[in-house]
Amino acid sequence: MASFYEVQLFVLIVVCIASFFFEKHLLRRQSIPELDSENGAPPSIVSSLSRRYLSVYAVVMGADWLQGPYIYSLYREQYGLPERWVALLFVLGFLTAGVVAPLVGVWADQYGRKRMCMMFCLIYALACAFIQFPSLPFLFVGRLLGGFGTAILLSIFETWLITSANHLTLSSRDLSSILGRATLVNSVVAALAGMASNELVDRTDSFASPFLASASLLLFGWVVISFLWSENYGAAASSADAMVDFKRLWEAWGIVRSDLRLVVLGLTQTCFEGSLYIFVFLWVPLLQEAATSTGSGKLPLGFIFSSLMVSMTIGSVIYTSIVSLSRLDAPNDHHRTPSGSTSSSDSPLPTISTHERAITLHAKLSAVVCVTSALAFVTSIATSSEHTRFWAFCAFEASAGIYYPVQGMLRGRLVEDEHRATLSSLFRVPLNVFVVVSLLTGVSSARHFVLSACAGLLLCSALVTAVVFLRGNRGPALGSMRTG
């Protein structure tokens with residue numbers, strides 16, 4: 001059994017390295033020589049922002065991934081909590097994240113994104129400290145803090161990057177490249193963190209040890225943010241003494257209602273990321289179910305987890321390759337005649353701005369990602385083959401590697417800096433409601449039904465994205481004033 005997954009992991013790593021080499025060395029040679037400062041910031045500024053963001057992102061995501069593999073085992077096996085208490089602790093974390101998501105967005109816009117990210121490091125480290133005590137009150141407080149920190153992690157860090165990129169006039173291609181690299185870093189760090197947490201548990205014989213390592217990494221992240229990042233804000237007119245700025249929340253909701261594309265972004269985020277969180281709970285029992293039916297024995301979950309993370313890395317490389325080939329920052333020649341001269345006819349072909357070309361490309365990718373994910377879920381349900389399910393799950397993770405930079409790019413081009421953190425957090429409210437309801441209704445007892453429902457929602461999201469973004473039904477181009 002272990003030999004099969006070892007071979008698959010090796011194959012995926014080879015494919016990942018080959019894909020990365022292709023994207024880095026071959027596609028970059030096809031980059032547009034005509035690019036100049038009018039199309040974006042100088043390469044030195046782009047590299048500086050990329051290094052500052054990815055250095056922090058690698059540290060905080062590494063701290064988060066260290067906790068992931070063993071939180072259930074810590075509650076259930078080491079602390080001996082009943083299954084219903086474990087489920088309640090998970091729900092509490094998601095519910096907290098859903099409730100505070102719009103609030104942390106407002107606070108980040110008002111008080112500063114850098115400050116909020118530094119606060120995340122302290123809050124998440126404190127959550128790791130509380131989880132060391134096998135007492136329900138401490139564990140509940142730890143989950144509350146963890147949910148609060150998750151709301152910051154999943155929206156404010158990206159908001160800092162996009163606002164900084166806009167202030168520095170980065171082009172669409174440069175921002176896409178950084179977001180793609182962030183997904184690549186995330187998946188690589190996840191695979192390394194999984195192996196590190198496994199080694200820590202083996203050495204200490206305690207499921208709590210990865211959380212102590214995570215806390216140490218978070219404190220280091222606080223130091224890195226304080227030295228590398230500069231501060232940026234949302235609206236300057238926000239009320240600094242209001243705990244909850246309802247006026248700002250209402251303004252953000254008004255922006256969503258005025259642009260149907262933002263409604264679709266929120267729908268896609270709810271459907272895809274909700275399906276992803278449910279998948280996190282289901283992939284082990286679904287593979288175990290298939291393995292049991294064939295008498296395969298115990299699964300090597302470490303190798304499988306690493307394979308899924310490498311698949312996500314491949315997805316991120318596919319994304320950056322597509323962006324490189326799309327030549328988003330190329331001079332728009334749609335208004336030229338076949339001879340190369342500018343057309344002087346009465347009905348020249350319309351010129352499409354770089355901004356709109358980037359939105360259209362990423363909307364297409366978003367639809368494709370949702371369809372691919374739905375097909376992966378349907379395949380895993382339709383077959384009882386353990387190996388087929390494994391590859392279907394790898395396909396879903398590769399889709400996730402494409403999804404995150406696509407979604408970040410669309411938010412970066414459609415949402416104004418003034419309300420970006422608030423809107424990003426507001427989008428997480430239906431997502432967390434979706435996950436909480438799914439957990440409370442018994443995901444583990446109806447796995448096939450839940451995955452079927454997720455597949456249906458993903459297909460609906462793809463259809464709505466295609467109709468709204470690709471058939472001309474567009475709202476105001478909120479980001480059209482920004483450079484490329």
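The protein's secondary structure comes to 17 helices and 0 strands; helices (H or I, at least four residues) and strands (E, at least two) are DSSP runs, numbered from the N terminus. This is a predicted model, in which local features need pLDDT of at least 70 and side-chain atom pairs count only at pLDDT 80 or more, while totals for chains, interfaces and linings use all residues. Residues are numbered from 1 along each chain as its sequence is written, and side-chain values use heavy atoms, leaving out hydrogens and water.

Of the 484 residues, 55% count as buried (under 20% relative accessible area, with exposed over 50% and partly exposed in between, using a 1.4 Å probe and protein chains only). Contact means heavy atoms within 4.5 Å. Among contacts between residues at least 6 apart in sequence, 87% join residues at least 24 apart.

## Helix α2 beside α8

Let's follow helix α2 (residues 43-67), whose axis comes within 8 Å of that of helix α8 (residues 172-204), crossing at roughly 30°. That makes α2 roughly parallel to α8 (angles under 35 degrees; over 145 is roughly antiparallel, 65 to 115 roughly perpendicular and the rest oblique). Axes here are lines fitted to C-alpha atoms, for helices over the stretch in contact, and angles run from 0 to 180 degrees between N-to-C directions.

Which residues of α2 and α8 make the contact? Among them are Val 46, Tyr 53 and Trp 65 of α2, together with Ile 178, Arg 181 and Val 189 of α8. By class, this contact of α2 with α8 has 16 nonpolar, 4 polar and 2 charged residues (Ala, Val, Leu, Ile, Met, Phe, Trp, Tyr, Cys and Pro count as nonpolar, Asp, Glu, Lys and Arg as charged, and the others, Gly among them, as polar).

## Helix α2 beside α7

Helix α7 (residues 156-167) also packs with α2, at an angle of about 180° and with the axes 11 Å apart. That makes α2 roughly antiparallel to α7. The contact includes Leu 49 and Tyr 53 of α2, and Phe 157 and Trp 160 of α7. Its residues divide into 8 nonpolar, 1 polar and 2 charged.

## The cysteines

How many disulfides does the structure hold? There are 0, a disulfide being a pair of cysteine sulfur atoms within 2.5 Å. Cys 117 is in no disulfide, and the nearest cysteine sulfur, that of Cys 121, is 7.6 Å away. Cys 117 is buried, with a relative accessible area of 0%.

Cys 370 is buried too, at 1% relative accessibility. Its closest cysteine sulfur, in Cys 271, is 7.2 Å away, too far for a bond.
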